[in-house]
Amino acid sequence: MRIESIRIKNFRVFQDITIREIPPFCVIVGANGTGKSTLFQVFGFLKDCLTYNVGAAIQSRGGFNELISRGRETENMEIELQFRMEISKAERLVTYFLEITNQDGKPQVAREILRYKRGSAGSPYHFLDFSFGKGKAVVNEDDFNKTDEELTKEQQELDKADILAIKGLGQFQKFKAANAFRQLIENWYVSDFHINLARGSKDAAGYADHLSITGDNLQLVANRIFSEHNEIFNRVIDLMKMRVPGVSTIEPEPTKDGRLLLKFQDGSFKDPFIDKYVSDGTIKMFAYLLLLYDPSPHPLLCVEEPENQLYPRLLWELAEEFRAYANRGGQVFVSTHSPDFLNAVRLEEVFWLVKKSGFSKVMRAKEDSQLAAYMSEGDQMGYLWEHGFFEGADPR
Ligand SMILES: Nc1ncnc2c1ncn2[C@@H]1O[C@H](COP(=O)(O)OP(=O)(O)O)[C@@H](O)[C@H]1O
Ligand SMILES: [Mg+2]
């Protein structure tokens, strides 16, 4: 399952943008304040809308008037995502549309639609269509022997007008597309890695499925991969040895008081260094490798500026690891300011943001004939970006 397009209206700095044909590995560049973080926040916003409700998700972001694009306070906010998924043995392009309005200071769902085409012809069918807490949902969407007219529609009423219909219906397997979309959004992950939280011994109790957003369960994740997926752990150690001079092995170690720490062995010394005392870059590289070689990738991973603290020459491989992760089933969005990272990125994977009169637009490298021509002659994206070929990207 993969997000194919994103359309946003009136969400902060994105007054009106559409990104189409999004590749599995999508890299965004842009000056400060052009909306790189905001783009990732759209997924976080949807997740909060699902977990809580639309009102709470908006409230925790400063309220409707803070979230809606400046000057558009009387308009509605719209988010539309298209994604591909298999339903009854055919790949289908599913559209999820959400429109939020502010009525007497209360955010409400003006419209929520989930639609896709049932056959190769005809217009997309609305399997779920709600407005202000009322609407209909089709309960036998995968019965393709039935015509559109024969499908069973159930009228439903939600508890409140700021609850998403996919929140409730998405829990049921029979609502195929709603269920898949809900899972994609719920398992969305944005990395907000904090080296200082990743360091230090951690309570060994508990089970760490994935690296946490901040990386504060690094020791537990390392221990899990070490004991349950030893071949993956060894692969990570081999990569660490190649990339970080002095690292010869890394081992999770339980302490007597029920905690867990990481020991980094330097071949030159007898005693290992514990994670508290190794370099920032070492910790970060190790955390990224554990994240990217995770046996069960997140369906949607967002990472901001992965280049920080890492040696520039290592960024090429890191970019390739992100791409490999994306191709294993986890779509990846990365924002970057690093020409070294960008050099490893392909023409069709690069987008950039340009802000004009307060709002940002999305530009695409693939659609720029000059960039496409240079790339076909063997140039690299980072070099072209550094030399000002991304029109309007330079803040000055
Ligand atoms: N409601 C809004 N309407 C218009 N612009 C907004 C709104 N809220 C925030 N912004 C602007 O959006 C930008 C946020 O950018 P951000 O996503 O943090 O950028 P980046 O991550 O690229 O540095 C800031 O410049 C901020 O002023
Ligand atoms: Mg940012």
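The dialogue below explains how to read several features of this predicted model.

Biologist: Which conventions apply to this model?

Modeller: The model is predicted, and local features need pLDDT of at least 70, side-chain atom pairs count only at pLDDT 80 or more, and totals for chains, interfaces and linings use all residues. Residues are numbered from 1 along each chain as its sequence is written, while chains are lettered from A and ligands numbered from 1 in the order in which they are written.

Biologist: At what angle do helix 1 and helix 5 pack?

Modeller: Helices (H or I, at least four residues) and strands (E, at least two) are DSSP runs, numbered from the N terminus. Axes are lines fitted to C-alpha atoms, for helices over the stretch in contact, and angles run from 0 to 180 degrees between N-to-C directions. Here helix 1 (residues 36–51) and helix 5 (residues 176–186) pack at about 120°, and their axes are 9 Å apart.

Biologist: Which residues make the contact of helix 1 and helix 5?

Modeller: Two residues are in contact if their C-beta atoms, placed from the backbone, lie within 7 Å. Helix 1 contributes F43, L46, K47 and L50, and helix 5 contributes R182, I185 and E186. As to class, Ala, Val, Leu, Ile, Met, Phe, Trp, Tyr, Cys and Pro count as nonpolar, Asp, Glu, Lys and Arg as charged, and the others, Gly among them, as polar. This contact has 4 nonpolar, no polar and 3 charged residues.

Biologist: Which residues come nearest to ligand 1?

Modeller: A residue is near a molecule if its C-beta atom, placed from the backbone, lies within 6 Å of it. Of the 15 residues around ligand 1, those that come nearest are V13, G33, K36, S37 and T38. Helix 1 supplies the largest share of this shell, 3 residues. The shell has 2 nonpolar, 9 polar and 4 charged residues.

Biologist: Why does S376 count as exposed?

Modeller: A residue is buried if 20 or more other C-beta atoms lie within 10 Å of its own, exposed if 12 or fewer, and partly exposed in between, with C-beta atoms placed from the backbone. S376, found in helix 12 (residues 369–376), counts as exposed because it has 9 C-beta neighbours inside 10 Å.

Biologist: Where is P24, and with which residues is P24 in contact?

Modeller: P24 lies in the loop between strand 2 (14–19) and strand 3 (25–30). Because P24 has 17 C-beta neighbours inside 10 Å, P24 counts as partly exposed. Leaving aside neighbours within four places in sequence, P24 is in contact with R2, A326, N327, Q331 and V332.
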